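Trainee: Hi! Could you show me how to read the sheets in a protein model?

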Amino acid sequence: MRLLVVEDDRDINRQVVSALEEAGYVADKAFDGEEGGYLGESEPYDAIILDMGLPKADGVSVLQKWRRAGIKTPVIILTARDRWSDKVDGFDAGADDYVTKPFHMEELLARVRALLRRAAGHATSQIACGPVVLDTRSGRVFVDGNPVKLTSHEYRLLSYLMHHTGRVVSRAELTEHLYDQDFDRDSNTIEVFVGRLRKKLAVDLIQTVRGLGYLVDPTQPPPRV
């Protein structure tokens, strides 16, 4: 999953980006409303953390512009403003959640997980597909109840596919959502990671749809107990 953090306080920006990366996400950053607004319009993020009091363009204005342009990316407002009227303004502008500074990083991460789950139509932190269970809270993967050790790239790839079960995901889409904007993207590496995942999972979970991409079928039988 690829996220954008738009926060002008460089210490907070760095801390949030580091926490997201440690949790297994890819995170881009911006420090003002102008740059953040451009990235939010031009890059396919899975979620955005947006400060309200930004230089050059305030967060509410940036969010309103995104929504008018038809951009439906889930957004968490992150701000020091705690008046109820400010919260109403944020939600009316199109925010999906609201976190007030100072905040606990674990709470922000939990809200990010919940936002991504809801956007993909999942109700809990565990996403099951056949014998494979992905625990988004712990960042662990199980097959028939047994833990499977994955690299960070393998986990991100599996997580994206399992968040989008029942839909063919192209290699280009995976590349856009698994790497940050500064990474030298090569969709051929996706094929390598899919091959590694198939070997480690040792189940027929990820299907190749020739000429289109990859599919995780949600109708597979459940884990053996």
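**Reading the sheets**

Mentor: Gladly! Here five strands make an open sheet with parallel pairing, in the order S2-S1-S3-S4-S5. This is a predicted model: local features need pLDDT of at least 70, side-chain atom pairs count only at pLDDT 80 or more, and totals for chains, interfaces and linings use all residues. Residues are numbered from 1 along each chain as its sequence is written, and side-chain values use heavy atoms, leaving out hydrogens and water.

Trainee: What counts as a strand, and when do two of them pair?

Mentor: Strands (E, at least two residues) and helices (H or I, at least four) are DSSP runs, numbered from the N terminus. Two strands pair if DSSP finds at least two bridges between them. Strand S1 (residues 2-6) and strand S3 (residues 47-51), for example, are parallel partners joined by four bridges; Val-5 has Ile-49 in S3 as its bridge partner.

Trainee: Which strands form the other open sheet, the antiparallel one?

Mentor: Its order is S6-S7-S8-S9. Strand S6 (126-129) and strand S9 (146-148) are at the edges with a single partner strand each, so one side of each has no neighbour in the sheet. From one strand to the next, the twist averages 30°; angles run from 0 to 180 degrees between N-to-C directions, with axes fitted to C-alpha atoms, for helices over the stretch in contact.

Trainee: Which helix packs on this sheet?

Mentor: Helix H6 (residues 152-163) does, touching S6, strand S7 (132-135) and S8. Contact means heavy atoms within 4.5 Å. The direction of H6 makes about 105° with that of S7.
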